[in-house]
Amino acid sequence: TELPYREGLLDWDSAQSLDWPRLEDAVTRWRDGVSIKEGKVNPQPQFQQDATAVAGHDTKEQRGDGITQALLEQLQAGAPTPAPVRGLQRILILDGFLLFTPSVPAAFRSLLDLKILLRAPYADAKRRRESRSGYVTMEGWWEDPPGYFDKVVWPNYVEENRGFFVDGDVEGRIDDTMCEKEGVKVWVGETDGLAKTLMWVSGEIRKVVKENRF
């Protein structure tokens, strides 16, 4: 099917731009213990390494050795007794703001054992998005056209996530009742605190692993 348009621009940031049956198939096979790149599926999902360039940002340097070491120690502290290779716990992390929102098929949402919402104020989200020089896609290199964030990205984010916030204000208070109903965990700390956010996320993942819910 053709990709949707919004405000005259090709919309890569809406639920209609994703091939949900293929993504659901890939995640289901992974949960069943099949490598995403193994087996025959028609059509065969393809995955492109994320080589997104972010102007003025060095992810490794931003993270810092201290954060990395602290994260490793936290994960190791909650790890079970070493098991045979075939018995090791596998974790698949999916990133994106279109994963557990209303427009996403219920069948796909049911595959997610842990849903985490990381908040981003308009100013921060715009700065981060526009600092990227482009993206690697299956069709090649994609660069956001002028005005893409304000005309496409942010409106889609608001429409998809407003239900998790009081009065639909995505920069306001979290709607705890709705988040609990949908099983969504929300980071309520600093929106720009990379280290604290990362540690909190790893802690939530560790809780799910310990509960043997995978």
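A salt bridge here is a side-chain nitrogen of Lys or Arg within 4 Å of a carboxyl oxygen of Asp or Glu. Glu204 and Lys207 meet that rule, with their closest N and O atoms 3.1 Å apart. The model is predicted.

## Overall layout

The protein chain holds seven helices and seven strands. Along the sequence they follow the pattern β-β-α-β-α-α-β-α-β-β-α-α-β-α. Of the 214 residues in the protein chain, 32% are buried. The accessible surface of the protein chain comes to about 14,000 Å². Carbon and sulfur atoms account for 52% of that surface.

Among contacts in the protein chain with a separation of 6 or more, 63% join residues 24 or more positions apart. One spatial example involves helix 3, residues 106–109, where Ala107 is found. Ala107 and Trp20 are 87 residues apart in sequence, yet their C-alpha atoms lie 9.6 Å apart. Ala107 is partly exposed, with a relative accessible area of 38%.

## Salt bridges

The count comes to 10 salt bridges. Three of them are set out here.

| Pair | Closest N to O distance |
|---|---|
| Arg129 and Asp13 | 3.2 Å |
| Glu204 and Lys207 | 3.1 Å |

Take Arg129 and Asp13, which form a salt bridge. Arg129 lies in helix 4 (residues 122–130) and Asp13 in the loop between strand 2 (9–10) and helix 1, so the pair ties together parts that are 116 residues apart in sequence. Are these two partners buried or exposed? Arg129 has a relative accessible area of 11%, so it counts as buried under the 20% cut-off. Asp13 is also buried, at 8% relative accessibility.

Arg31 is partly exposed, at 40% relative accessibility.

Glu204 and Lys207 both lie in helix 7 (residues 194–210). They are three residues apart, about one turn of the helix. Glu204 is buried, with a relative accessible area of 8%. Lys207 is partly exposed, at 46%. Salt bridges that share partners also join Asp13, Arg129 and Asp144 into one network.

## Helix 7

Helix 7 has 17 residues. From its first C-alpha to its last it reaches 24 Å, close to the 24 Å expected at 1.5 Å a residue. Which residues in helix 7 are buried? They are Thr197, Trp200, Val201, Ser202, Gly203, Glu204, Ile205, Val208 and Val209.

## Nonpolar cores

The largest nonpolar core has 29 residues. Those with the most contacts inside it are Phe100, Phe108, Leu117, Trp154, Phe164, Phe165 and Val184. Helix 1 (20–31), helix 5 and strand 7 (184–186) each supply at least two residues of this core. Helix 5 gives the most, with seven residues.

Now look at Leu117. Leaving aside neighbours within four places in sequence, Leu117 is in contact with Phe100, Asn161, Phe164, Phe165, Val184, Lys185, Val186 and Trp187.

## Aromatic pairs

How many aromatic pairs does a search of the whole structure find? The search finds nine. In one of them, Phe100 and Phe164 form an edge-to-face pair. Their ring centres are 6.0 Å apart, with 65° between the planes. This pair links distant parts of the chain, 64 residues apart. Phe100 is in the loop between helix 2 (59–77) and helix 3. Phe164 is in the loop between helix 5 (148–161) and helix 6 (176–182). Both Phe100 and Phe164 are buried. Both are also among the residues with the most contacts inside the largest nonpolar core.

Ring pairs also build a cluster. Tyr122, Phe149, Trp154 and Tyr157 are linked in this way.

Terms used: Residues numbered from 1 in each chain as written. Predicted model: local features only at pLDDT ≥ 70, side-chain atom pairs only at ≥ 80, totals over all residues. Heavy atoms only, no water. Helix = DSSP H or I, 4+ residues; strand = E, 2+ residues; numbered from the N terminus. Buried < 20%, exposed > 50% of the residue type's maximum accessible area, 1.4 Å probe, protein only. Phe/Tyr/Trp six-rings, centres within 6.5 Å; stacked < 30°, edge-to-face > 60°. Core = buried A, V, L, I, M, F, W, Y, C linked by side-chain atoms within 4.5 Å. Contact = heavy atoms within 4.5 Å. Areas by Shrake-Rupley, 256 points an atom, 1.4 Å probe, with all protein chains shown as cover. Expected span 1.5 Å × (residues − 1).
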